[in-house]
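Dear colleague,

My findings follow directly after it.

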Amino acid sequence: MAYKNVKILAIVPARGGSKGIIGKNLRKIGDKSLIALTADIAQKTPYIDRVVLSTDNQEIFNEGEKCGLEIPFMRPSELAGDSALSVDVWRHAWVESEKTFKESYQVSLLLEPTSPFRKVADLEAVVDLLINYFE
């Protein structure tokens, strides 16, 4: 459901090659993986029109699919290494999502799985601030 006629895309970036904590995006807090916790919040946020997972890893792909995330593409290898910048991953996912779904998004949120304690109210407040700032 678009908020104030603004289409909103949420992107969950989760690469498989973490060296600090192996498999960190699949690690669990309680009975849910970091991917699942992120998917839950994004899907419960009424302002978000679409939630896309950007990954280069089949296990993360499978977990994202199980959690109801859309995964219309795999992240290219040049955006999957240690030197890849989040902004480049975000831009790639946003552009590819618009191409794939043939629709434009005016706002995009980057929801990193390693920030699992955000709440729906947090996302609503960010969207509200972003959109109303320009009015």
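E59 and K66 are exposed on one side of helix α2, in what is a predicted model. The helix covers residues 58-66, and its buried residues are I60, F61, E63 and G64. Viewed down the axis of α2, these buried residues fall within an arc of 165 degrees, so they line one face of the helix. As a general point, an α-helix has 3.6 residues a turn, so residues three or four places apart point the same way. The exposed E59 and K66 lie on the other side of α2.

What do the buried residues of α2 pack against? Their partners are β3 (32-33), α1 (34-44) and β4.

The surroundings of α2 also deserve a note. At its start, a side-chain oxygen of N57 comes to within 2.9 Å of the backbone nitrogen of E59. Just after the helix, G68 adopts a positive phi of about 85 degrees.

Strand β4, against which α2 packs, also belongs to an open sheet of 3 strands. The strand order is β4-β1-β5, and the pairing is parallel. β4 (50-54) and β5 (107-110) are the edge strands, each pairing on one side only. From one strand to the next, the twist averages 25 degrees.

Strand β1 (residues 8-13) runs parallel to β4 and is joined to it by 5 bridges. Which residue of β4 is the bridge partner of I11? That partner is V52.

With kind regards

Methods
Residues are numbered from 1 along each chain as its sequence is written. This is a predicted model: local features need pLDDT of at least 70, side-chain atom pairs count only at pLDDT 80 or more; totals for chains, interfaces and linings use all residues. Side-chain values use heavy atoms; hydrogens and water are left out. Two strands pair if DSSP finds at least two bridges between them. Helices (H or I, at least four residues) and strands (E, at least two) are DSSP runs, numbered from the N terminus. Axes are lines fitted to C-alpha atoms, for helices over the stretch in contact, and angles run from 0 to 180 degrees between N-to-C directions. Buried means under 20% relative accessible area, exposed over 50%, partly exposed in between (1.4 Å probe, protein chains only). The arc is that of the directions from the helix axis to the C-beta atoms. Contact means heavy atoms within 4.5 Å. A polar contact is a pair of N or O atoms within 3.5 Å; within protein, one must be able to donate a hydrogen and the other to accept it, and residues adjacent in sequence count only if both atoms are side-chain atoms.
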